[in-house]
Amino acid sequence: MKIRQKIILNFLLLLVPGYLFAAYLLWQSASNSGLQTIIVLVLFCFSVILSIYLSGLLVKPIKSLKKTAEDLRLGSASRLEIQGNGEFSEIVRNVNSKLEQSNKNENLLENTQKELKAALEQIYSLEKRTNGEYFLVSRLLKPLIINHVKSDTIRVNFLVSQQKKFQFEKIGGEIGGDISIAHNIILKNKNYVVFINGDAIGKSLQGAQGALIAGIIFNEFITRTRVSVNQQNRFPEKWLRECYRAMQSAFVTFNFELMISAVIGLVDEKNGFVYYFNARHPSSVLYRNGKAQFLEDGLSLYKIGVEGLGDVFNLRTFQMQNEDVLLFGSDGRDTITLKDKNKNQERTLNEDETFFLKCVEKGEGDVGKILNSIEDHGELSDDITLLSVSYHTDVDLEEAQKRNPAYSQFVQRAKEFIRKRKYIEAAQKLERAIKIFREPDVYKDLLYCYRKINDYEKQESAVREAYNSFPHVIEFSLHASELYKRLKRFETAIDHGERYRLYYPNDVKNLVNLADIYRLVRNYARAKMILDEIETIDSKNEGYLKMKSLLEKSESNLQ
């Protein structure tokens with residue numbers, strides 16, 4: 001409302017009471033009814049004119065405001081029209097200010113929604129691309145995780161469950177760093193079961209990359225062994241050492257970004273003798289007669305992929321009995337969130353070092369039942385892989401052979417002949433004894449007799465049978481090394497001597513024998529290195545002093 005309109009309105013409002021009072025006085029003083037009528041008509045006309053004026057002054061802005069508000073509701077207007085500078089104009093300005101703020105908020109909300117939608121689309125696209133990578137790596141890894149073992153005496157079972165699950169193009173899958181593989185190979189004309197149970201560091205894709213590399217190298221090493229006569233002529237100890245070196249040389253190139261803990265082993269199918277190494281993997285477990293126990297009491301090797309370790313290698317062996325089960329598993333077997341028995345919603349991590357042993361006993365050595373037992377106690381918090389190796393043989397037949405009266409008689413008669421130094425007669429009795437039943441002590445006596453009568457041909461046959469039948473009796477390798485040196489089969493002599501050295505690195509007798517063999521094949525550097533080792537063990541040993549003198553003469557003759 002304009003200022004002029006305000007003045008007129010206020011003037012009229014002040015004038016009306018006076019006007020009405022004056023009209024009243026005139027009406028009272030009027031003598032006739034005609035004059036009174038004229039006064040009433042004048043008053044009426046003035047009231048009508050005033051009403052019309054006030055209506056135009058007050059109602060028109062309200063109608064305009066109502067019309068604009070209706071247009072605003074229908075979306076044909078974004079703000080109210082402003083007419084004049086009165087109170088209604090101020091109200092309209094305030095309303096428009098609120099509308100403008102509301103529009104700004106609405107635009108801000110709309111922009112935020114657009115940004116959120118774009119971010120969600122980007123996340124979805126990234127997730128789809130990531131799941132595509134997961135899918136590709138999982139498809140590459142799947143054919144490597146395989147159990148190809150076929151054996152009458154050795155059974156291998158394993159399971160692998162990765163923590164990360166994904167969905168790609170309606171195809172579900174899982175990915176992680178745990179891996180298990182098992183195959184059959186032949187070494188030294190003997191059948192072996194070879195296995196790996198590993199856990200690559202890192203979650204999801206990083207772990208899977210480590211497992212993929214390990215699987216490729218391990219399977220390639222097995223393939224190479226199957227097609228290479230030279231590889232097949234390795235002792236199991238040397239084969240494992242070379243397998244470790246192959247894995248180590250590949251992983252160290254990643255500068256600690258990819259590493260793996262693992263147990264890799266060989267099992268002799270004939271006698272259940274196990275060769276293996278543990279590279280920072282959880283301790284292996286023996287399940288025997290319903291009881292579970294750890295096989296290792298400490299860790300001797302670092303994870304595969306740790307640099308600066310030199311040629312460190314630690315081999316372990318174990319002789320399985322009938323129905324024994326060896327179990328290997330990743331640390332997911334212990335990394336679980338225990339169930340809340342008191343229902344107080346607190347998360348409790350397992351801290352019981354014997355937890356897995358209890359699950360093995362409850363699961364009776366079966367990997368599937370063991371996993372069920374673990375999950376009965378809590379929720380898995382990591383990838384998990386479990387691998388079992390069991391040995392099955394005909395114990396009744398062996399016992400029947402051992403109880404054969406003829407066997408005991410032959411052995412007893414042979415001992416009597418040895419005491420009388422009748423080595424030929426003793427050897428004949430022992431030869432008949434081992435046709436019934438084989439024992440390490442019988443072979444030791446037989447080899448002793450052959451050495452006494454200088455029968456190298458029979459001695460070679462006997463020592464070969466002995467270390468094939470009883471690989472855990474490492475002493476037979478020392479006998480073989482000494483024998484093959486006399487037969488001038490130096491490479492074979494070195495193989496047996498180095499095999500013995502893996503188990504007994506400080507045995508001076510074997511070290512002197514090895515130094516002499518290396519001297520004979522003119523590998524003077526290697527011979528000198530072994531003599532240096534003997535010096536730190538027993539510098540006054542007669543064999544060492546003699547061999548040192550011989551080596552010096554050989555080197556001087558070469559010059």
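Trainee: How do the residues of the lining of the second largest pocket divide into nonpolar, polar and charged?

Mentor: In this predicted model, the lining of the second largest pocket comprises nine nonpolar residues, one polar residue and 11 charged ones. The general idea behind finding such a space is that rolling a probe the size of a water molecule over the atoms shows where empty space is left. Here the second largest pocket has a volume of about 500 Å³, and of the 21 residues that line this pocket, those closest to its centre are R241, R245, E498, R499 and L502.

Trainee: Which helices each supply at least two residues of that lining, and which gives the most?

Mentor: Helix 6 (236–251), helix 15 (490–503) and helix 17 (524–538) each supply at least two residues of the lining of the second largest pocket, and helix 15 gives the most, with seven residues.

Trainee: How should I read a salt bridge, and how many does the structure hold?

Mentor: Side chains of opposite charge can pair when their charged atoms come close. The structure holds 23 salt bridges, and one of them is formed by the side chains of K458 and E431, with a distance of 3.6 Å from N to O. That pair links distant parts of the chain, since K458 belongs to helix 13 (residues 456–469) and E431 to helix 11 (residues 423–436), 27 residues apart.

Trainee: Are K458 and E431 buried or exposed, or something in between?

Mentor: K458 is partly exposed, with a relative accessible area of 41%, and E431 also counts as partly exposed, at 22% relative accessibility.

Trainee: Which parts of the chain does the salt bridge between K444 and E475 link?

Mentor: The side chains of K444 and E475 meet at 3.4 Å, N to O, and this pair too links distant parts of the chain, with K444 in helix 12 (residues 440–452) and E475 in helix 14 (residues 475–486), 31 residues apart. K444 is partly exposed, with a relative accessible area of 28%, and E475 counts as partly exposed at 34%.

Trainee: How far apart in helix 13 are R464 and E460?

Mentor: R464 and E460, whose side chains meet in a salt bridge at 3.5 Å, N to O, are separated by about one helical turn, because they are four residues apart in helix 13. R464 counts as partly exposed at 35% relative accessibility, whereas E460 is buried, with a relative accessible area of 15%. Elsewhere, salt bridges that share partners join E498, R501, R526 and E533 into one network, and E498 is also among the residues closest to the centre of the second largest pocket.

Trainee: Which backbone nitrogens lie by a polar atom of the N278 side chain, and which residues does N278 touch?

Mentor: The backbone nitrogen of R280 lies 3.4 Å from a polar atom of the N278 side chain, and the backbone nitrogen of H281 lies 2.7 Å from a polar atom of that side chain. Leaving aside residues up to four places away in sequence, N278 touches A262, V263, S283, S284, E296 and L301.

Methods:
Residues are numbered from 1 along each chain as its sequence is written. This is a predicted model: local features need pLDDT of at least 70, side-chain atom pairs count only at pLDDT 80 or more; totals for chains, interfaces and linings use all residues. Side-chain values use heavy atoms; hydrogens and water are left out. On a 1 Å grid over the protein atoms alone, a cavity is a set of points where a 1.4 Å probe fits but cannot get out, and a pocket is an open set with protein on both sides within 12 Å along at least five of seven lines; lining residues have an atom within 4 Å of a point. Grid points are joined across faces, edges and corners, and a volume is the space filled by probe spheres set on the points. Ala, Val, Leu, Ile, Met, Phe, Trp, Tyr, Cys and Pro count as nonpolar, Asp, Glu, Lys and Arg as charged, and the others, Gly among them, as polar. A salt bridge is a side-chain nitrogen of Lys or Arg within 4 Å of a carboxyl oxygen of Asp or Glu. Buried means under 20% relative accessible area, exposed over 50%, partly exposed in between (1.4 Å probe, protein chains only). A polar contact is a pair of N or O atoms within 3.5 Å; within protein, one must be able to donate a hydrogen and the other to accept it, and residues adjacent in sequence count only if both atoms are side-chain atoms. Contact means heavy atoms within 4.5 Å.
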